[in-house]
Amino acid sequence: LNPSIKAETVEMTAALQMFEDPYYGYTPDPQIYQITLKVDGDKVTISNLLNHNNEENSFYGVSSVDVTGTYDAEAHTITIPTLHEAGQEFTYISQDEYGMREALLAGRQDENMEFWSDDAMIINVKGNFEELSTTQHIGVVSVYDGQLDYLTASYPSMTARSTTTSNPIGFLPAELSLGKSFPYNKMTGSIFLINYSGESAAYGVTIPAEAEGMVIDNPVGTIEPMSWATLTLTYTPTKSGDFTFTLSIAYETDTKSGTVTQDVKAEIVPCPDYSAIVKAGQIEFATGNGRPFEMRDVEGSQVAASTAKSYNENSFLEAHVIVPANHSGRLSYKGYAYCTDPDNMYAQFRASVTVDDASEPVFSTTQDAALDGTVELSPGEHTVRFQYSYGSSWNSEVPFYMYLSELSFVTEAAAANSVEVVNPAMDFGNFIFAGSPVSDTRELTLLNRGTE
């Protein structure tokens, strides 16, 4: 035993976050509850680790089972053995009145909801058991008659604070990663700001100057006792690189005040090189992270092509351009869209072109069609989005995609007053006059090319 650690009981407030699963109605909102640590030398016993004593988490008389781990004073960790291969002993976390028990897992859950367990759960300890946290995912697996059954719950993160802590504000997760993306794509993530205390806490978030393009939906607010506030971040990067930004959160309760920090990470990778399709002008590009446009050879020419392959998937390529003041701009495009499925008239493959935040595209088709158009742009920054939406097809032999072979962006000085008649000729056709007045309507389109 470690003689430097005296036997003691530590009451703590824990915050536990569940993986989101819309199918079963699971939300990532944290649970806030009480746990107890009994520390005796290097032996640590934790009661109600995953809140099974809560009636909302208890089915068929489920109750929490105490969990025992080993404390390492030098590493500041508690190690709890967890199942990771057949034949190991279980660390039970709960039991019910019918003989079914649940075992603890710790490791990593993948995007397919499969849990890959390590041989131990490592809990990091701060100070004299003032704070607990883990970087592992936590799983619970049912055990019936000594045999593993199924994963009953999984959690991406957990933290705990002593009820006597001087720092009552914390986070879930302990570190936020926005993942990997291309420049100009909006990246989003959420942080739960936890109030572990029994007092209301006012807070304010400061975004560092270097995090240009980051916004938070509710940067100031109040958190009720034993509750949380959700901070939703949106980050629109403009350049590639690995970034770590540190948010600063000031808080104040009736008896305490201070500042806590939270790191936000993002990996921004360069877009594919689309320069081969740019025939004129300065154009910056953005493309979707999941199904980006890729450069491809079509009939001996380099084109930028969509990569969506499954029903309801979207591929997009955005052209970002700037029209100087007192100028007008034109972005011209050429390419082709393969949307027609000869075996399914309801396939609904769609290619579209949209300018800025317009509610309707300037071009849209669900049939095979050439892309050959020009969009008129006023002074300022503009985004022209080329998107291919994958439909439903039973014909795997037919390729469905769109490509862009040419993009040209030109600007020209604009006079104060300049109007262009888009359709100078109007044909009213022929009418039969039978004694009563006849009428018809045609539209004349005028384009304001001036600066006023």
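A polar contact is a pair of N or O atoms within 3.5 Å; within protein, one of the two must be able to donate a hydrogen and the other to accept it, and residues adjacent in sequence count only if both atoms are side-chain atoms. The model you are looking at is predicted, so local features need pLDDT of at least 70 and side-chain atom pairs count only at pLDDT 80 or more, while totals for chains, interfaces and linings use all residues. Residues are numbered from 1 along each chain as its sequence is written, and side-chain values use heavy atoms, with hydrogens and water left out.

Where does aspartate 356 sit? Look in the loop between β30 (350-355) and β31 (363-365); strands here are DSSP runs of E with at least two residues, numbered from the N terminus. Aspartate 356 counts as partly exposed because its relative accessibility is 34%, where buried means under 20% relative accessible area, exposed over 50% and partly exposed in between, using a 1.4 Å probe and protein chains only. Leaving aside neighbours within four places in sequence, aspartate 356 is in contact (heavy atoms within 4.5 Å) with Glu381, His382 and Thr383. For threonine 383, 27 residues away along the chain, the C-alpha atoms are separated by 4.9 Å.

On a 1 Å grid over the protein atoms alone, a pocket is an open set of points with protein on both sides within 12 Å along at least five of seven lines; a cavity is a set where a 1.4 Å probe fits but cannot get out, and lining residues have an atom within 4 Å of a point. The second largest pocket is lined by 18 residues, and Tyr184, His320, Glu381, His382 and Thr383 lie nearest its centre. Its space comes to about 570 Å³, a volume being the space filled by probe spheres set on grid points joined across faces, edges and corners. Both β28 (314-323) and β33 (380-389) supply at least two residues each to this lining. By class, the lining of the second largest pocket has 5 nonpolar, 6 polar and 7 charged residues; Ala, Val, Leu, Ile, Met, Phe, Trp, Tyr, Cys and Pro count as nonpolar, Asp, Glu, Lys and Arg as charged, and the others, Gly among them, as polar.

How many cavities of 30 Å³ or more does the structure hold? There is 1, and the largest cavity contains about 40 Å³ of space. Met121, Ile123, Leu132, Ser133, Thr134 and Met158 line the largest cavity. Of the strands involved, β11 gives the most, with 3 residues. The class count for this lining is 4 nonpolar, 2 polar and no charged residues.

Five residues make up β3 (43-47), and 4 of its 5 residues are buried. Strand β3 runs antiparallel to β2, with 5 bridges joining them; two strands pair if DSSP finds at least two bridges between them. Within this pairing, valine 39 has valine 44 as its bridge partner. The hairpin of β2 and β3 has 2 residues between the strands, and there glycine 41 takes a positive phi near 65°. Strand β3 is also joined by 4 bridges to β5 (residues 67-72), again antiparallel, with threonine 45 partnered by threonine 68.

The loops around these strands are worth a visit too. Asparagine 51 lies in the loop between β3 and β4 (63-64) and counts as buried because its relative accessibility is 5%. A polar contact of 2.8 Å joins its side chain to that of glutamine 31. Proline 30, in the loop between β1 (8-17) and β2 (31-40), is buried, with a relative accessible area of 4%. Not counting residues up to four places away in sequence, proline 30 touches Leu16, Gln17, Leu172, Phe192, Ile194 and Trp228. Isoleucine 194 is 164 residues from proline 30 in sequence, yet their C-alpha atoms are 8.8 Å apart.

Our last stop is β18 (residues 201-206). Ala201, Tyr203 and Val205 form its covered face, while Ala202, Gly204 and Thr206 form the uncovered one. Strand β18 is joined antiparallel to β20 (residues 220-223) by 4 bridges, and glycine 204 stands opposite valine 220 there. It is also joined antiparallel to β22 (residues 241-252), by 5 bridges, where threonine 206 stands opposite serine 248.
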